[in-house]
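Keep the viewer open as you read, and follow along residue by residue.

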Amino acid sequence: MAEQKNRWNWEVSGFEPRRSLATADGDEQQRRVISPHVRRFSISSSVASVLPPRDANSDLSKPGLVSKLHRLKDKVKLAKEDYLELRQEASDLQEYSNAKLDRVTRYLGVLAEKSRKLDQVALESEARISPLIGEKRRLFNELVTARGNIKVFCRARPLFEDEGHSVVEFPDESSIRINTGDDAFSNPRKDFEFDRVYGPHVGQAELFTDVQPFVQSALDGYNVAMFAYGQTRSGKTYTMEGSSHERGLYARCFEELFDLANSDSTSASRFNFYVTVFELYNEKVRDLLAESEISSQKIQMGSAEFSIELEGLKVDNPLDFSRVLKAAIQCRGNDASKFNVSHLIVSIHVHYNNMITGENLHSKLSLVDLAGTEGLITEEDSGERVTDLLHVMKSLSALGDVLSALTTKKEDIPYGNSVLTRILADSLGGSSKTLMILNICPNAANLSETMASLNFCARARNSVLSLGNRDTIKKWKDTANDARKEVYEKEREIHDLKQELLGLKQALKDANDQCVLLFNEVQKAWKVSVTLQSDLKSENIMLSDKHKIEKEQNAQLRNQVAQLLHLEQEQKIEIQQRDSTIQGLQAKIQSLESQLNEANRSSEARSLIGTEQPGVSPNSKATSVTKKLEEELRKRDALIERLHEENEKLFDRLTEKASLSASPQIFMVPFVRNDANTGQSTNIVPSPLAAAKPDGTVALVKSSSEMVKTTPAGEYLTAALNDFDPEQQDSLAAISDGANKLLMLVLAAVIKAGASREHEILAEIRDAVFSFIRKMEPKRVMDTMLVSRVRILYIRSLLARSPELQSIKVSPVERFLERANTGRSRSSSRGSSPGRSPVRYAEEQIQGFKVNIKPEKKSKLSSVVLRMRGIDQDVWRQQVTGGKLREIQEEAKSFAIGNKGLAALFVHTPAGELQRQIRSWLAENFDFLSVTGDDASGGTTGQLELLSTAIMDGWMAGLGAALPPSTDALGQLLSEYAKRVYTSQMQHLKDIAGTLATEEAEDAIQVAKLRSALESVDHKRRKILQQMKSDAALLALASSAPIHNPSTAAEDARLASLISLDGILKQVKDILRQSSVNTLSKSKKKALLSSLDELGERMPSLLEIDHPCAQRQIADARSSVESIPEQDDAIFEQGRKPSVDAVGSGTEIDVAQWNVLQFNTGSTTPFIIKCGANSRSELVIKADARVQEPKGGEIVRVVPKPSVLENLDLEEMKQAFSQLPEALSLLALARTADGTRARYSRLYRTLAMKVPSLRDLVSELEKGGVLRDVKS
């Protein structure tokens, strides 16, 4: 128990080995070499000496101390092995994660390129389909037009039970027979022929089969109007609205439009539908959707002369259409008597847009439920009833007149006779399609109304141009069949292309799905990487705490070693004392031996004498002394033996401690992390370099390019970077954490954007990132490695889109590395900063980074340590410790601060390639780093990887560290590269402008082109200067040269000369125009020649290069003016008066029909001008002679053609217009003669186009160039 109390406790928590203690002790005992003990002194066995006994209680604790030391050594070795295994595992996991991220990123780029190609193919397919669809529409329209744009169908409803017998018969599908019952005629039966006749048995579906082509025409871009005509209770509303089980034309037409639009729509084209519903009662419009709560837009209906504004509701499906229609009908009310005398118009507006061809089509399908056709007014009818019937008769009569005029090809269509025809004017006539569905009652009681309706519709149909005789009909049928076949082939081709497009869309969808899957995988890998880094960070903290504990234990061990050394000194002193005692004992033994010899001789002499004396026998005395001496000698030998053993053990302990203190290692205790999600335990031991890195470092490096596009991620990052305020944070730690998180968000956003959109996100947040870094640099709280990675991203993006930077060459990595304090060093000079020494080359001076790694000298103590560990001394080589790695990393960081040459090397060399080059240089220059045997820490590759990683991390951290008052090295490099790009662009514009400034102009067209080109170059130069002023990447450094802005004096002078030359040429052109007559007055000719002389005097304002062009144009104009004959002014004026008087004079002013035009001039009273044509096809107008006297002052004048004003000046024109109405003069006159000619030309065209008989004349004048617009 006493021994246990005196022993020290060496059991440290966390150092429990993986194997049993007994096994460890057994192995250690096998490795120990016990040297034999040799006696230092040999004495006779017969000699004995008495030595004082020595107390051995002080040595009882030494065996326990030795065993604990051995156990501690085993535990430390096991901990080191676990640490190395876990560190290798963490390194492998990190490499696998990086490789996975790189592979996924590349694959995402490939998929993005495939998606872009698929989009391009889809667009090309759309471009191929669009012409086919247009051709299909054209052929279908030609087919419908050949059959007739105006169609009349007749439909008879079934008889009711109390209506008696039917007077209607149906001989075939296109004729109907009415039994009039009038015996006064030889044939009381009367036949009517229509385009299609439906009996009572025909349902809504069969009727819609014949209506469907009109719906197709509406979708193809043509206006279509369908009328339900007939008397009350004849089935008009049923035909339009239908019933719950038999839907009418309203629902069926929209469903057909919706289905056709879905089949014809592509990814680049779209159909939109809007619905308007209004009621026409007593010639007044009532919008039935005006009170709708659904959002709508205003829609104009009608012509230019008359239009109404209605609420249009957008419908996206048949259900929405039904809901809107139901709401409109409910808004109409329940007054049945009002329904019979009002028209209900439901219009479906179709908007088509094609993004490939830019085609925009607007059409509408109008479904009109007309009022009843009863026109008989009885005495019982009230005044309001009579008014309603009169309005109905008027509108139906106007509709019949319009249809009759259209079918007879009359020039004047009476749209203005009714509000109904005015609103539907754009759906009646021209290329529009009209369908009249006549509904009749088959009973005898309604025979008169039935005959009136049949006669009305028969007149509209019979007036349609007939297809001719049977041969002509056969010809048209063949044409229609051919058109059908062609349409069928086009539809089949369109169907094949659509199938191909569907396949492409499916492939694109599959590619997008793969992109989504890979993106999810990238996110998972990213989360794993972030989790791993956070775990490594926490483990580093734990290991640092363990390291502190180990330091304390090492201090205790050193104290114990010091105590042992002190004990050894005491033992040495005791041994010296014992040696002196032994020497004294030997001297005593010798004296005793001499005394014994003398005693023997004296005893022999006495025996010879034979004298015997009583007393103590001398033999017994000598025997006792001899025994005592032998006993002392045995004790001395045992003491010497024990001292030898203790000395050996103490020497072993001292040599082990000496080796530990000579090469300190960082022994990390394995940290076991239990993952709550997986239920597994993962042993993770970070490397010493990981502990030296700043918190939050993430290895993310990307490169790319271009233009600014707003994205949600970019807007969020920009706002976050701009809004970050360090003053609002509590401490520097909070500021550092927030700043580093924002930088990591920037890197994460770039990775998430992928290779295809990496340049866009970088360009979008560029100014915000640079402003943020510049704002946070004075705080010195940012992780410099994150700053370096962000800077490298932007520099590589600039390199990718700047050809002028592609030729930059950087020095190899060997120029930046050097061995320290060796004969192979490339420079003997030493810099003032740590790890840096100047190295001079032919082209520039580069600072070389000293890699200070020395081979370890083997001493006797290290040999003993290696022998104890069982390592062969011939194959063992030096290891690099964690402390040395941290030292190298710090020196590398100091070396990289402000080193722009090293920054250029990082930018132009990929990170993997750069680390490989550093690794190769280390392997070539430090051969003693190669390790073998059991002490290999990852092998040769592992040692070189640790060193290269330490150098790379140190350089990266140093390049991102700001160097006051300037910024970091990468920021300076980015500024220099941006300046070089701007300088190159400015020089390029300078070269272009110089080339343009030396080019000679031949005529006015070339002058205008040169002037426009120089102005464009100047605009681009100013734009670049503006960008330079607002570029956040540019730094105003005292050491850097400003951006060179080439002088533009020569180009500016040439531009000013071209502007003056352009003005001269315009005046020359005006003189030539004034001289383009047969004769000139003397004064006019003299004035023109003097103007040319004045232009010649302006030559000094031009450069020499522009003189030939100006002189040539002036000379040509002078010769042209001089060649024109001249007359005296009086004779010339007399010759011109008849032509002036002839303006506006016309004897033929008889006009068959006047057309009214209204010109709004901004005043309260508009100008009213009536225009028409006389028998000589001249334009005649009727208007007030004076605008201020509108009543009773109308005059009629023949309007002269614009060619009459060709050679008149402004005063002569005013004199000519004085004979015309004042309104026309005010509308035509301008400040200059050219402006008046142009305005009169446009006014003449407007008036003449209103007269149908003069439209051909307008076309001829336009072809002859008479109606060209001459602008002043």
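The charged end of Arg422 sits over the ring of Phe306, 5.3 Å from its centre. Lys338 also lies over a ring face, that of Tyr281, at 5.0 Å from the ring centre. Please keep in mind that this is a predicted model.

- Tyr229 and Phe456 are stacked, with 4.6 Å centre to centre and 10° between the planes.
- Tyr229 belongs to strand S6 (residues 224–230) and Phe456 to helix H11 (residues 447–462), so their pairing ties together parts that are 227 residues apart in sequence.
- Tyr229 counts as buried, at 5% relative accessibility.
- Phe456 is buried as well, with a relative accessible area of 14%.

**A pair within one helix**
- Phe254 and Phe258 form another stacked pair, where the centres are 6.4 Å apart and the angle between the planes is 25°.
- Both residues lie in helix H6 (residues 249–264); because they are four residues apart there, about one helical turn separates them.
- Phe254 is buried, at 0% relative accessibility.
- Phe258 has a relative accessible area of 18% and is buried; the cut-off for this class is under 20%.

**A cluster of rings**
- Phe254 and Phe258 also belong to a cluster with Phe273 and Phe321, joined by ring pairs.

Definitions and conventions
Residues are numbered from 1 along each chain as its sequence is written. This is a predicted model: local features need pLDDT of at least 70, side-chain atom pairs count only at pLDDT 80 or more; totals for chains, interfaces and linings use all residues. Side-chain values use heavy atoms; hydrogens and water are left out. Rings of Phe, Tyr and Trp (its six-membered ring) pair if their centres lie within 6.5 Å; planes under 30 degrees apart count as stacked, over 60 as edge-to-face and the rest as tilted. Helices (H or I, at least four residues) and strands (E, at least two) are DSSP runs, numbered from the N terminus. Buried means under 20% relative accessible area, exposed over 50%, partly exposed in between (1.4 Å probe, protein chains only). A charge sits over a ring if NZ of Lys or CZ of Arg is within 6 Å of the ring centre and within 35 degrees of the ring normal.
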